[in-house]
Amino acid sequence: MENRKILSALCYFSILFAGFLFPLVVFFVSEDNVTKGHAKKALFSHLIPLILVPIIGISFFFDIRRMGDGVPVLTLVTVALMMLVSFVVLIWNIVKGVKVLRDE
């Protein structure tokens, strides 16, 4: 199996073990344009769930200000949304990693 395939697939699979660091390192170290492209796509896909972190913080702030003895509904909804997005991104990265190993 080619090094290009393995590195590209590991960029996607790194969501399980190294987060966004592995694709970032591969992007800067690799000289192969195909591997760099996969590392870039994997890096962006790893960062997608982080977009919701400020939204969770804002919703938590608003829920704390409004809440008496109630349930922080807005915070719970945004946390559930982040979990859903993270799960979808996880599945997408696994599928892309397997696809890279099989096709390219």
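**Entry 1: H3 against H5**

I began with the relative direction of two helices, and I record that H3 and H5 are roughly antiparallel to each other, since I take any angle over 145 degrees as roughly antiparallel and their axes cross at roughly 165°. I note before going further that this is a predicted model. The helices in question span residues 33-47 for H3 and residues 73-102 for H5, and their axes come within 10 Å. I looked up the handedness as well, and H3 passes H5 in a left-handed crossing.

Which residues of H3 and H5 meet? On the H3 side I listed His-38, Ala-42, Ser-45 and His-46, and on the H5 side Val-89, Trp-92, Asn-93 and Val-100. Sorting the residues of this contact of H3 with H5 by class, I found four nonpolar and four polar, with no charged residue.

**Entry 2: H2 against H3**

I then turned to the pairing of H2 with H3, where the axes are 8 Å apart and the packing angle is about 150°. H2 and H3 are therefore roughly antiparallel to each other, and I noted a left-handed crossing where H2 passes H3. From H2 the contact draws on Pro-23, Leu-24, Val-26 and Phe-27, while H3 supplies Thr-35, Lys-36, Ala-39, Lys-40, Ala-42, Leu-43 and His-46. The residues of the contact of H2 with H3 sort into seven nonpolar, two polar and two charged. I marked Ala-42 and His-46 in my list, as both belong to the contact with H2 and also to the H3 side of the contact with H5.

**Entry 3: H1 against H2**

For helix H1, residues 3-13, I looked up the packing on H2 and found an angle of about 145° with the axes 8 Å apart. The crossing of H1 and H2 is left-handed. Leu-7, Leu-10 and Cys-11 of H1 make this contact with Phe-22, Pro-23 and Val-26 of H2. By class, the residues of the contact of H1 with H2 come out as six nonpolar, no polar and no charged. Pro-23 and Val-26, listed here for H2, are also in the H2 part of the contact with H3.

A polar atom of the Ser-30 side chain lies 3.2 Å from the backbone nitrogen of Asp-32. Setting aside neighbours within four places in sequence, I found Ser-30 in contact with Thr-35 and Lys-36, both of which I had already listed for H3 in its contact with H2.

**Entry 4: two exposed positions**

I looked up Ile-51 in the loop between H3 and helix H4 (52-66), and I count Ile-51 as exposed, with a relative accessible area of 56%. I also took the C-alpha separation of Ile-51 and Gly-97, which are 46 residues apart along the chain, and it comes to 23 Å.

Asp-103 lies in the segment after H5 and is likewise exposed, with a relative accessible area of 52%. The C-alpha atoms of Asp-103 and Lys-5 are separated by 9.1 Å, although the two residues are 98 residues apart along the chain.

Notes:
Residues are numbered from 1 along each chain as its sequence is written. This is a predicted model: local features need pLDDT of at least 70, side-chain atom pairs count only at pLDDT 80 or more; totals for chains, interfaces and linings use all residues. Side-chain values use heavy atoms; hydrogens and water are left out. Axes are lines fitted to C-alpha atoms, for helices over the stretch in contact, and angles run from 0 to 180 degrees between N-to-C directions. Helices (H or I, at least four residues) and strands (E, at least two) are DSSP runs, numbered from the N terminus. Angles under 35 degrees count as roughly parallel, over 145 as roughly antiparallel, 65 to 115 as roughly perpendicular and the rest as oblique. A crossing is left-handed if the near helix is turned anticlockwise from the far one by less than a right angle, and right-handed if clockwise. Contact means heavy atoms within 4.5 Å. Ala, Val, Leu, Ile, Met, Phe, Trp, Tyr, Cys and Pro count as nonpolar, Asp, Glu, Lys and Arg as charged, and the others, Gly among them, as polar. A polar contact is a pair of N or O atoms within 3.5 Å; within protein, one must be able to donate a hydrogen and the other to accept it, and residues adjacent in sequence count only if both atoms are side-chain atoms. Buried means under 20% relative accessible area, exposed over 50%, partly exposed in between (1.4 Å probe, protein chains only).
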